[in-house]
Amino acid sequence: MNETEQSLHDAVVMNLKGVYDPEISLNVHDLGLIYNIDVKDFNVKILMTLTSAFCPAADDILSDVTQAAWIAGAKDVDVDITFSPQWGPEHISEDGKLILGIWD
C-alpha cells in the first residue's frame with residue numbers, strides 16, 4: 001500500500017469509529033464488525049459483518065459505513081457482508097471492551 005492509499009485507509013478507519021451500532025452503542029470498528037479494508041487507487045472495499053444476520057439496523061449501518069468511506073475521500077466504495085467467521089465478543093477491540101466494561 002502506498003502512502004496515499006495508507007492515508008485513505010487511515011481516514012476510513014477514523015470515520016468508521018464514528019459509525020455506531022445503535023443496539024450496542026459502540027462504533028463498528030471497535031465492535032469488531034470490520035474484517036478488512038482494502039484500498040486501491042481511491043477505491044475502497046470493506047468486508048464486514050453484523051452482530052446478527054437479523055440485525056434490524058443493518059440497512060442504516062451499511063449506509064453509514066459506505067458514507068464514512070466516501071467522506072474519507074474514496075472514489076468508489078464496495079461494502080460486502082459476510083457471516084464467516086460469525087461475529088462474537090472476542091472480536092471487540094481492547095478499547096471497546098473497556099467502554100463496554102468487559103474484562104477478559
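**A walk around threonine 49 and its chain**

Threonine 49 sits in the loop between strand E4 (43–48) and helix H2 (58–72), where helices (H or I, at least four residues) and strands (E, at least two) are DSSP runs numbered from the N terminus. This is a predicted model, in which local features need pLDDT of at least 70 and side-chain atom pairs count only at pLDDT 80 or more, while totals for chains, interfaces and linings use all residues. Residues are numbered from 1 along each chain as its sequence is written, and side-chain values use heavy atoms, with hydrogens and water left out.

Visitor: Is threonine 49 buried or exposed?

Guide: Buried means under 20% relative accessible area, exposed over 50%, and partly exposed in between (1.4 Å probe, protein chains only). Threonine 49 has a relative accessibility of 0%, so the residue counts as buried.

Visitor: Which residue's backbone oxygen lies 2.7 Å from a polar atom of the side chain of threonine 49?

Guide: A polar contact is a pair of N or O atoms within 3.5 Å; within protein, one must be able to donate a hydrogen and the other to accept it, and residues adjacent in sequence count only if both atoms are side-chain atoms. Contact in general means heavy atoms within 4.5 Å. Leaving aside neighbours within four places in sequence, threonine 49 is in contact with residues including Leu33, Tyr35 and Trp87. The backbone oxygen at 2.7 Å is that of threonine 82.

Visitor: In what order do the elements of the chain run?

Guide: The chain has three helices and five strands. From the N terminus on, their order is α-β-β-β-β-α-β-α.

Visitor: What percentage of the chain's residues is buried?

Guide: The C-alpha trace spans about 40 × 25 × 20 Å along its principal axes. Of the 104 residues in the chain, the buried share is 38%.
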